[in-house]
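Please open the model in your viewer and keep the sequence panel beside it.

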Amino acid sequence: MIKRLSLIMAAISCHLFMYSALAQNATISGKISDGKNGEEIIGATVRVKGTAYGAISDVNGNYMIKGIKPATYDIEVSYAGYKPQSKQDILLKPNESKVLSFSILPDTKELKEVVIAAKVDRQTASGLLLQQKNLASISDGISSEAIKRSPDRTTGDALKRVSGVTVQDNKFVVVRGLADRYNIALINGVDLPTTEPDKKAFSFDIIPSALIDNLVIYKTASPELRADFGGGAVYVTTKDIPEKRIFNINISTQYNSLTTFKPYSDYNGGSLDFIGLDDGTRALPKGLPSVDDNSKPENQTTLKQVEHTKLFKNNWGVNENASQAPGYAMQVMFGNNFKVFKKESGIIASVSINNTPKTYNMQRYLYESSNLAPFKSYDDQSYEKNYLTGIMLNMATKLNSNNKVSFKNILNINGEDLLIDRHGIQNEVGVLSYEKASARQFTSNTFYSGQLKLENYIPSLKLKSNVTLSQNNISREMPDQKRLLYTSSNDTNFSVAIPFGSPNPISSGITSNKLSENGNVIALDLSRQFKLKNIRPTVKVGFYNSTKNRSFSNRAFGWSNGKFNPDLDILPPNAIFNDSNISKDRYFLNEITGGQDKYTASSLLRAYYISLDHYLFKRFRLNYGIRYESFNQQLTAFNPQIGREKTYDNTYENFFPMANITYNITEKTNLRFSYSKTTVRPEFREIAPFTFFDFINNSNTYGDTALKPINIKNYDLRFEYYPNGGQVFTFTYFYKTFSNAIENTFDFGSGNRTRTFKNIADVKCQGFELEFKVNPGIALSFPEKHWSRYLTLSCNSSLIESEADLSNLAGTAGSDTKRPLQGQSGYSINGGILIMPPSSKWSLNVLYNRIGRRIGDVGGRKELHIWEVPRDLIDAQVSYTFNKNVTLKLTASDLLNQYYMMYSDIDGSGSYNADKDLVINKAKYGTTFTFAIGITL
């Protein structure tokens with residue numbers, strides 16, 4: 001890892017010195033696209049009128065003209081069969097890099113060349129809105145420019161701003177009220193693996209927002225997209241090759257009202273914690289027998305267990321600290337374009353680090369059925385540190401105007417160090433007892449995605465091809481999860497709860513686990529536009545092959561007490577496990593790892609598709625086709641019913657028809673209709689018969705090998721209006737039906753929740769989405785210097801209703817036969833006010849977010865569902881730029897600091913009632929203030 005980081009930093013330094021000299025001439029660049037369908041146009045001619053400057057658009061429709069002397073020019077673009085277009089009075093300043101994109105219309109009458117002139121609008125619609133307007137699928141998104149003006153530091157934060165999107169735990173995406181398992185994630189067109197051991201989800205907080213060019217949520221399917229989603233496909237595009245040399249440094253520090261300069265606890269970690277990696281400090285000790293060797297009779301004796309226990313370090317101590325330092329973040333980004341063997345080439349590289357401490361108090365309550373008095377009450381003081389390291393290196397070379405090769409890499413390391421000090425009261429069958437427990441766990445996620453892409457255009461055949469080779473690797477390690485419990489009958493004299501005989505690692509023990517998944521993708525896409533009598537259909541065909549291999553293993557050790565030792569049982573954790581106390585008559589570790597503590601899995605997805613995209617009667621755009629997917633999934637795990645490992649082998653083959661119809665009411669207005677069939681297949685973890693204990697939530701999770709795939713039918717109707725000035729108005733209605741929907745349910749067993757996965761029969765979901773972004777000054781045609789032109793108002797909201805029919809499902813809570821789908825919010829609201837004068841030296845952005853209540857956990861036979869209480873989030877950012885090179889930003893996140901709360905709706909009112917409903921857990925996370933400085937060199 002250190003070698004990779006050193007090589008990348010060396011490359012950045014090398015290019016910095018090689019390209020430090022700046023030319024005085026200007027550059028213009030942009031993209032040429034079809035004004036009807038948004039397809040890039042290859043081979044269009046762009047020229048600076050009255051000069052010899054010019055360029056031809058490449059295989060992506062992009063062009064670049066360098067070395068233009070500063071002056072005012074007219075820029076013209078032309079292409080055979082299209083109406084030429086020009087932009088006049090373009091002022092180019094020294095060292096300026098101006099982006100000018102053209103959307104040209106087919107000349108169906110094949111008229112002689114006529115140049116259509118247009119003045120440049122200083123507030124033209126963003127490229128993302130233009131892409132959204134011209135895409136065949138219904139989509140919404142957020143650009144890097146909007147991310148910069150928000151307080152969002154991670155991709156998970158930024159996704160909250162997209163219409164119809166909410167985020168759980170600041171990292172898991174919910175689209176149209178459908179939980180994370182119904183959505184897929186892609187980076188630069190290639191699917192991302194799940195990052196969680198117990199759910200299908202990608203943790204978007206591991207990708208820094210500064211590395212993102214834009215985020216687009218595809219809400220309707222098309223044959224080119226994978227068919228395994230029902231909510232949305234989150235398409236992450238990382239930054240591409242810049243048009244000019246860039247070198248940016250961003251440094252920030254962070255203050256949290258509940259954390260910074262407050263007392264905190266931690267423990268001695270490793271030297272690489274600050275980048276999110278464990279250096280081996282927490283690893284299982286060398287010399288410890290393997291799982292297979294440890295199960296041999298000679299290693300099961302008490303003396304051998306004592307011998308193995310002495311290999312473990314006594315690192316149970318906790319440090320009490322007087323003041324938590326502020327969090328910090330830093331990012332260095334470099335990019336340039338240059339010639340390699342006379343070929344246009346470019347590079348962009350970025351290194352970022354982030355350290356965010358967080359201290360908070362979480363109150364937790366456990367109930368049996370709807371008993372109003374909890375039988376367990378916990379007060380958790382949590383001390384958390386989040387480390388994030390991101391490295392990006394993207395390179396590209398244009399072999400010629402028709403061929404381009406690019407290599408994109410992103411490496412992210414996300415570490416979470418958590419220490420919990422728990423105080424609890426247990427009141428079971430009228431017996432009152434008290435608990436003190438501590439837990440610590442360090443989780444490290446390492447994610448790498450590398451993509452080699454070859455783009456080619458053959459003019460003689462008018463054939464465009466894209467070949468993508470990709471590798472995704474993800475590793476999740478929890479090397480040293482420790483738990484220790486003390487109990488008392490009077491809340492004063494606490495003794496360690498280490499049992500005699502069989503150990504219980506849930507209360508007092510050590511676990512170590514690792515998940516690793518490797519994925520490879522080969523994709524081929526071919527497209528060609530044909531010219532028939534009245535239509536110009538674009539035909540696309542493609543092939544997609546994706547393989548995944550996963551392994552998961554867990555080792556569990558529980559403390560055993562060899563003899564009643566009242567004097568030792570009251571010692572604190574840092575003293576109780578001294579070497580002198582490790583013996584057969586005192587304490588020793590007993591490994592209870594079994595065959596059920598591991599599984600291996602693999603999958604193979606092969607897909608073929610064909611689609612047609614063309615206009616009919618000038619205003620109707622038809623995009624339709626069919627996708628075939630063959631999916632094989634294999635999982636090998638211990639089956640407790642037969643007492644040995646078993647391989648589960650499932651193959652699903654399906655055809656997925658899809659159609660998107662767009663009616664262009666005007667050039668700025670669309671009416672869309674979409675229909676598709678999609679699926680959501682069970683994930684590895686959901687079918688693995690493996691039980692995993694979660695100390696934080698006091699729950700066990702196991703899989704169900706009998707799960708079936710979900711079949712979904714999707715219908716969408718949408719109205720879009722795109723006025724000038726980057727404004728937009730959309731209104732959408734959608735309707736979905738689900739067969740065999742998969743949900744995570746819980747029930748009580750031995751005082752702890754037991755979670756599993758199950759299919760439910762039928763679900764219907766419908767909703768409305770409204771989005772607008774308006775500049776009042778432009779909308780009302782006020783003068784250019786009117787104050788209202790400095791103001792941009794934005795809002796997106798959704799109103800969603802889902803209904804799960806449980807009438808034929810046994811074991812549901814109470815008389816619950818119909819309810820919302822798990823994770824589905826009834827509504828969501830995102831609002832924003834941006835104030836930015838034309839000088840652009842300063843800006844103010846205020847953002848608001850609220851989501852309706854949703855089911856976090858589905859109740860089982862006796863338990864009521866657990867709901868999340870809605871809360872209001874207000875974020876704000878003010879920025880000021882000095883001399884175009886230095887920008888200062890002050891941001892405030894979660895200004896209201898309302899409670900995060902989960903509850904059971906005892907009175908059935910549909911909202912939280914403090915006097916009647918049962919609180920499951922609640923916490924405040926504080927208001928965060930961040931001061932940042934950005935320097936452009």
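Select glutamate 76, which is buried, with a relative accessible area of 9% (buried means under 20% relative accessible area, exposed over 50%, and partly exposed in between, with a 1.4 Å probe and protein chains only). This is a predicted model, in which local features need pLDDT of at least 70 and side-chain atom pairs count only at pLDDT 80 or more, while totals for chains, interfaces and linings use all residues. Residues are numbered from 1 along each chain as its sequence is written, and side-chain values use heavy atoms, with hydrogens and water left out.

Lysine 49 lies in the loop between strand S2 (45-48) and strand S3 (54-56), and glutamate 76 is in strand S5 (residues 71-78), so the pair ties together parts that are 27 residues apart in sequence. Helices (H or I, at least four residues) and strands (E, at least two) are DSSP runs, numbered from the N terminus.

**Second stop: glutamate 720 and its partners**

Select glutamate 720 together with arginine 672, and you will find their side chains in a salt bridge (2.9 Å, N to O). This pair links distant parts of the chain, with glutamate 720 in strand S36 and arginine 672 in strand S33 (residues 669-680), 48 residues apart. Glutamate 720 also meets arginine 718 in a salt bridge between side chains (3.2 Å, N to O). Are glutamate 720 and arginine 718 buried or exposed? Glutamate 720 is buried, and so is arginine 718. Elsewhere, salt bridges that share partners join Asp273, Asp278, Arg282 and Asp417 into one network, and a search of the whole structure finds 29 salt bridges.

Move to proline 285, which is placed in the loop between S18 and helix H5 (291-294) and is buried, with a relative accessible area of 16%. Leaving aside its neighbours within four places in sequence, proline 285 is in contact with Leu311 and Phe312, where contact means heavy atoms within 4.5 Å. The C-alpha atoms of proline 285 and lysine 313 are separated by 7.9 Å, although these residues are 28 apart along the chain.

Select Tyr182, Tyr599, Leu635 and Phe738, which touch the most other members among the 30 residues of the largest nonpolar core. Such a core is a set of buried Ala, Val, Leu, Ile, Met, Phe, Trp, Tyr and Cys residues joined through side-chain atoms within 4.5 Å. Among the elements that each supply at least two residues of this core are strand S30 (598-616), strand S37 (728-749) and helix H9 (684-687).

**Last stop: the whole chain and its confidence**

Zoom out to the protein chain, where there are 10 helices and 49 strands, and where 54% of the 937 residues count as buried. Colour the chain by pLDDT, the predictor's confidence in each residue, from 0 to 100: the mean is 83, and 86% of the residues reach 70 or more. Over residues 1-23 the pLDDT is below 50, and beyond near neighbours in sequence this stretch has 28 contacts in the model. Where pLDDT is low, the predicted coordinates should not be read in detail.

How values were computed
A salt bridge is a side-chain nitrogen of Lys or Arg within 4 Å of a carboxyl oxygen of Asp or Glu.
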